[in-house]
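Take a look at the structure below. Keep it in view as you read.

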Amino acid sequence: MEQVNSLGVLEQKLEFGQLRQELRTLCDNEISLFLVERMAFLPDGKELRGRLDQLSEMMTLLVSGAEVPSFRFGAIREALLSLRPEGSYLPVESLRPLRDLLASVVETKRMLEEREEDYPELYRLAERLDDLVDIRRRLHNLIDEEGEIKDTASRTLREIRVELRQLRGSLGQTMQGILRSAQAAGWVEKDATPAVRDGRLLLPIIPSAKREIGGIVHEESSTGRTLYLEPEQMVVMNNRIREKESEELREIVRLLKDFSVYVRRDMRQVQQDCQLIGIFDFNRAKARLAERLEAIVPPIADDGISMEWQVARHPLLERHLREQGRKLVPLTLKLDGEQRILLISGPNAGGKSIALKTVGLLQYMLQCGLAVPMMEHSECRFFDSVFIDIGDAQSLENDLSTYSSHLQNMKRVLREATDKSLILIDEFGSGTEPTIGGAIAEAVLEQFRLRGSFGVITTHYGNLKTYAELHDGVVNGAMLFDRGKIEPLYELYIGQPGSSFGLEVARKIGMPSEIIDYASTLVGSDYLQQDKYLQDIIRDKAYWKRKREEVKRAERSLQEKQAKLDERLEGLTQKRKGLIAKAEQEALQIVSSANATIERTIREIKEAKADKEATQQARAKLEKKKEHLHRKQKAIAMPKPKNQPIEVGSRVTLEGGNEVGEVVEIQGKKVRVRLGNLTMSVALDKLLPTQRATTEVVARKPQMISEQANERRLNFKPQLDCRGMRVEEALSSVTQFIDDANHFGYSPVRILHGTGTGALKQAIGDYLRGNPQVKHFEDEHVDLGGAGITVVTL
């Protein structure tokens with residue numbers, strides 16, 4: 001079991017090295033190449049998000065059509081490191097890479113300063129760049145386009161180079177004259193040309209002419225037929241050129257040392273520029289790789305726990321299959337807090353290991369800061385560590401068998417894994433006797449589940465499949481198999497276990513039927529029916545899951561209704577308070593008006609000096625005003641008559657209503673009231689006697705009544721649920737329900753009231769006994785609800 005810090009082994013198992021090598025080919029400078037080599041699994045979510053944001057912006061920038069600057073520059077890192085000691089200097093070959101680096105800095109800053117809002121993460125990198133104007137100006141004066149020191153770098157250098165060119169010109173002319181004379185004398189081959197050795201111009205002569213031409217022999221050909229001679233008259237000229245070349249070199253070194261002083265002064269910023277441009281190029285290389293792989297930077301789940309991959313593809317396998325003209329079957333999976341471990345089963349060579357490696361490789365790519373090949377609406381998460389156990393880990397050196405090695409791996413992961421770990425295990429529990437191997441694997445799986453680890457595990461063991469169905473946190477997954485063609489489909493289906501189809505595959509490849517029949521007999525029918533038993537468990541599990549969801553929906557509905565009722569009650573309470581306040585205000589106005597009338601009357605009596613006739617008139621006015629105010633006060637207060645009985649023929653109004661109806665029948669606490677052409681049943685304590693005339697009800701158009709009746713008939717259901725209602729509310733609903741059922745011709749009907757304290761059932765029974773529309777009522781059959789339901793025959 002290799003954790004992420006064992007990068008070499010982990011990358012080897014996942015074949016990540018192929019992607020690393022491809023990424024190297026996309027880099028344009030030595031710093032980005034260095035970053036590719038150092039690229040590794042990042043457990044720090046904050047740092048990883050920042051790198052992925054940079055990559056995402058670079059991918060957008062490349063496809064935006066913007067002119068992205070070149071990040072290419074030559075080797076400079078080692079030269080900068082060697083410049084730290086005083087007196088050291090940059091070699092000439094490092095000046096052009098430095099110039100290219102600073103040019104890239106200028107272009108990058110200019111590009112991103114115009115796009116700060118679109119690329120905030122890249123802009124934050126560019127803000128740390130410094131184009132070092134002084135160094136760039138000095139570089140411009142020091143070297144030409146090819147990176148060579150200019151003649152104009154200093155007056156001394158210009159004079160030296162002018163003299164050097166003159167000396168070399170004279171040397172060439174002198175050599176040509178000597179060559180022509182030697183050729184005429186036969187001392188030099190007709191087609192021979194001067195040669196240069198160690199910076200000196202030499203004459204190729206035949207050995208016999210050595211004494212004829214004075215000079216110094218510097219070299220002899222391998223055949224001995226040619227000597228390379230420096231004629232005496234050219235020795236002085238060559239020496240002079242050597243001296244001038246030494247002067248030139250000393251002047252160049254002086255210029256380089258002078259320039260290096262300024263670079264050393266700004267060394268920290270130069271190195272930072274170098275590092276940042278390397279990061280820009282590293283991001284561009286990753287963006288180019290993403291384009292090749294058709295990869296994305298996926299969103300990270302808000303809860304930081306879930307991972308839902310849609311159409312995820314193994315990039316290396318996809319490329320390999322494409323070269324063969326075949327298509328890859330993508331992977332879709334979901335792991336979250338409720339199903340953290342995916343247990344994949346299915347036939348051999350059916351794609352289980354590929355699915356496992358796809359999860360491992362793509363998660364490793366993501367946490368190395370790379371884009372991953374999957375659909376855009378996927379969601380990913382980060383892990384602190386990854387453990388992987390794939391392939392044969394047999395070790396001859398450590399005397400470990402395959403199974404012993406697997407156990408060592410399990411021991412390590414049990415010691416180190418947490419709820420933020422991803423565990424990848426291929427062929428879980430294999431390598432030993434199946435019963436023991438399956439039992440140990442189940443015990444280890446239980447520990448993974450209890451500590452909340454995430455994982456993808458492949459297996460053939462039936463006990464693990466059953467375990468997954470019976471325990472929360474683990475979910476079965478099947479690699480689908482075409483039973484008709486007896487071939488794998490390489491498609492993962494989550495929610496049910498897969499079958500190994502061992503007998504079917506054996507039958508397809510032509511194993512003798514007697515062997516297959518004998519093998520079937522050995523394993524027994526129970527084993528062969530194991531998949532069926534698992535399907536039964538899955539079906540039951542799905543049924544109860546559906547029931548739980550229905551209960552949750554019902555609870556939500558009740559909560560919503562309760563909230564609406566609470567809101568309505570609050571509204572009515574506020575309305576009642578407003579009405580009371582208004583009534584009190586009007587009462588105060590009445591009292592004020594009465595007091596004013598009394599004072600005015602007293603004043604009139606005093607002014608009339610108690611004249612009998614005037615006094616009587618004043619009293620008459622006061623009584624008239626008193627009667628008016630009394631009527632107005634009654635209209636405001638509307639006191640409920642307490643002693644006036646309600647009987648057949650009484651005119652009544654519903655409490656809080658304005659319509660006046662006539663009582664046509666009294667049935668205990670229920671009263672039938674006629675309102676125009678309509679008759680309704682109302683609780684007695686909800687009615688108030690009145691002397692007002694009965695309300696005239698304007699008949700609606702028959703067509704509208706018919707439409708409403710039809711609509712009510714269509715919506716009517718022969719079952720009423722009164723559970724949770726108060727007694728008064730339930731009786732009102734039952735009354736309307738019985739009237740509608742009788743009107744629409746439904747019988748029998750059912751009333752659900754529950755058992756509870758029995759008060760609601762008792763009140764409904766008392767009402768039904770007194771209703772002439774009810775022929776008979778009784779409890780429902782015990783298997784269908786018993787005493788909690790009343791069946792009514794009309």
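This report covers a sheet and the cavities.

The model is predicted: local features need pLDDT of at least 70, side-chain atom pairs count only at pLDDT 80 or more, and totals for chains, interfaces and linings use all residues. Residues are numbered from 1 along each chain as its sequence is written, and side-chain values use heavy atoms, without hydrogens and water.

**The sheet.** Strands of a sheet pair through backbone hydrogen bonds. Here, five strands form an open sheet in the order β16-β15-β14-β13-β17, with antiparallel pairing. A strand is a DSSP run of E with at least two residues; two strands pair if DSSP finds at least two bridges between them. At the edges lie β16 (678-683) and β17 (687-689), each pairing on one side only. β15 (residues 670-675) pairs with β16 over six bridges, in the antiparallel sense. Within this pair, R672 stands opposite S681 in β16.

**The cavities.** A cavity is a set of points on a 1 Å grid over the protein atoms alone, where a 1.4 Å probe fits but cannot get out. Lining residues have an atom within 4 Å of a point. Volume is the space filled by probe spheres set on the points, which are joined across faces, edges and corners. Two cavities reach 30 Å³ or more.

| Cavity | Volume |
|---|---|
| Largest | about 100 Å³ |

The largest cavity has 14 lining residues; Y403, H406, M410, F428 and G429 lie nearest its centre. R672 and S681 return in the lining of the second largest cavity, along with Q667, Y767, N771, P772 and Q773.

Conventions
Helix = DSSP H or I, 4+ residues; strand = E, 2+ residues; numbered from the N terminus. 1 Å grid on protein atoms, 1.4 Å probe; cavity = no way out; pocket = protein on both sides within 12 Å on 5 of 7 lines; lining within 4 Å.
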